[in-house]
Amino acid sequence: MTHSKIKGLRWWMIGLIMLGAVINYLTRSTLAVAAPTLLTELNISTQEYSYITAAFQGAIMLQPLCGYILDVIGLKFGFAMFAAAWSVICMAHGMATNWQTLAVLRGLLGLAEGSANPAGMKAVSEWFPARERGLAGGIFNIGASFGSMLAPPLVVWAILHYNWQSAFVITGALGLIWVAIWLLLYDAPARHRRLSEAEAQHIAAGQEQHLQGDGKRPSILTILRMRNFWGIALPRFLADPAWGTLSFWVPLYLTTVRNFDLAQIAMFAWLPFLAADLGCMFGPVVVLALQKRGVRLINARRGAFTLGAIMMMGVAFVGYVDSPYAAIALLSLAGFAHQTLSVTVITMSSDLFRRNEVATVAGMCGTFGNFGLLLFSLLIGGLMATVGYTPFFVSLAVLDLIAAVLLWTLVREPVQPEPLITKTA
C-alpha cells in the first residue's frame with residue numbers, strides 16, 4: 001500500500017462517511033419496505049406497527065449520547081463501534097416472530113443508528129473549511145436518501161427470491177463490510193498519513209477561529225442554555241416528521257390506499273428518495289448562490305431552508321389527487337424539498353458551535369427531530385384508520401413553514417471575538 005499524498009483527500013473522506021450513511025439508512029428502511037409482507041406473515045396490525053416504529057424513534061432520540069461518545073473517544077473507532085452494532089442488530093431482525101421482538105430490536109437499532117448524523121457533522125467540521133461545509137454536508141446527506149432509495153428494489157428482490165428474513169441479513173452484512181473499509185481508510189486530519197501539507201493548510205485556513213475546540217468535553221447544560229441550539233433544534237422537531245413519513249409510512253400508504261402490489265412498490269417507492277438526493281445538492285447550491293450575492297452564511301442557510309419549506313407545500317395535495325402517479329410525483333417533490341431544507345439546518349451545527357461540541361449538538365438536535373417524528377408516527381398509527389393519511393400530508397406542509405419562521409427568529413450569527421489591543425508605554 002502506498003502512502004503517497006492524495007489530492008482532495010477531504011472529498012474522499014466525506015465520500016467514505018456518505019457510504020456509511022447509505023448503509024445506515026438502507027438498514028433502517030428495510031423494515032418499511034418489507035412491512036406489507038412481514039405484517040401479513042406475522043399477523044401484525046397497523047397499530048402494532050406504529051409501536052415498532054415508535055421503539056426505533058424513541059431509542060434514536062439518544063443521539064446526544066452517541067454524539068458525546070464520538071466527541072470523547074473519536075470518530076474513527078466510535079463510528080465503527082456503532083456501525084458494527086447496527087449491522088448485527090439488523091441481521092437479528094430476521095429471527096423475529098412477533099411484534100414485541102421487532103419492537104425490542106428496532107429500539108436497539110435506533111440507539112446504534114443515532115450515531116450517523118453526529119458522525120457526519122463531526123467529519124464535516126473537522127475536514128472542511130467553512131465555505132465548503134454546505135456542499136460536504138449535502139454529499140453526506142445524499143447517503144440518507146440513497147440508502148432509502150436503494151431499499152425498495154433490494155428488499156423486494158430478496159423477498160421475491162428468498163424471504164423477508166433474508167432482506168435483513170443481506171443489508172446487515174453490507175454494514176459489516178463497510179466497517180472494515182472504514183477502519184482501513186479513515187482517520188482524523190491531524191493523523192491522516194495521506195493528507196498533504198497544502199490541503200491541511202487549506203482546511204485550517206478556512207476554519208473559523210472562534211469555533212475551534214478548546215479540548216474540553218462538551219457541556220450539555222451549557223449547550224441547552226444557548227439560543228442558537230434551540231434555533232436549530234425546534235425547526236428539526238417540526239421538519240423531521242416529513243422524512244419519517246416518507247421512510248416508514250409511504251410503502252404502506254401505496255399498498256393500502258393506492259393499491260400498489262410489491263412489484264409496483266419496487267418500481268416507484270424509491271423515486272421520492274432519488275428526488276431527495278437532488279435536494280441534498282440543491283440546498284448547498286442555493287446557499288452558495290446567495291453568498292455570491294453578498295448574503296452572509298447564516299442568512300443564506302436560512303434562505304435555502306425557507307425555499308425548501310415553500311416547496312414542501314406540494315405534499316399537502318397528495319391525498320387530493322386521483323392519479324397514483326401524481327401522488328408519487330408530489331411525494332417526490334416532498335423528498336426534494338425536505339432534503340433541501342434538512343441538509344441546510346443540519347449543517348448549521350458546524351457553523352454555530354465549536355469543533356468539540358459539533359457531534360454532541362448534532363445529536364441533541366437529532367433528538368428533537370426524532371421526537372417530532374415519534375409523535376407524528378404514533379398519531380398516524382392511532383388515527384389513520386379513522387381520518388386517513390390526507391390530514392397528515394397537509395400538516396407536514398404547515399409544520400415546515402412554522403419551522404422556517406423559528407429559524408429566522410431564534411438563530412443569531414456568532415460574534416467573532418475582537419483582537420486584543422495592548423497599550424504601549
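## Helix packing and overall fold

In this predicted model, L75, K76, F77, F79, A80, A83, A84, S87, V88, C90 and M91 of α4 meet F168, V169, T171, G172, A173, G175, L176, W178, V179, W182 and L183 of α8, where contact means heavy atoms within 4.5 Å and helices (H or I, at least four residues) are DSSP runs numbered from the N terminus. By class, the contact of α4 with α8 has 17 nonpolar, 4 polar and 1 charged residues, with Ala, Val, Leu, Ile, Met, Phe, Trp, Tyr, Cys and Pro counted as nonpolar, Asp, Glu, Lys and Arg as charged, and the others, Gly among them, as polar.

The axes of helix α4 (residues 75-92) and helix α8 (residues 164-185) come within 7 Å and cross at roughly 165°; these axes are lines fitted to C-alpha atoms over the stretch in contact, and angles run from 0 to 180 degrees between N-to-C directions. The two helices, α4 and α8, are therefore roughly antiparallel to each other, a term for angles over 145 degrees.

For the chain, two values are set out here.

| Property of the chain | Value |
|---|---|
| Buried residues (under 20% relative accessible area, 1.4 Å probe, protein chains only) | 59% of the 425 residues |
| Contacts with a separation of 6 or more that join residues 24 or more positions apart | 86% |

The secondary structure of the chain comes to 18 helices and 0 strands. The C-alpha atoms of the chain fill a box of roughly 85 × 50 × 35 Å, taken along the principal axes.

Residues are numbered from 1 along each chain as its sequence is written, and side-chain values use heavy atoms, with hydrogens and water left out. Because the model is predicted, local features need pLDDT of at least 70 and side-chain atom pairs count only at pLDDT 80 or more, whereas totals for chains, interfaces and linings use all residues.

Definitions and conventions: Angles under 35 degrees count as roughly parallel, over 145 as roughly antiparallel, 65 to 115 as roughly perpendicular and the rest as oblique. Buried means under 20% relative accessible area, exposed over 50%, partly exposed in between (1.4 Å probe, protein chains only).
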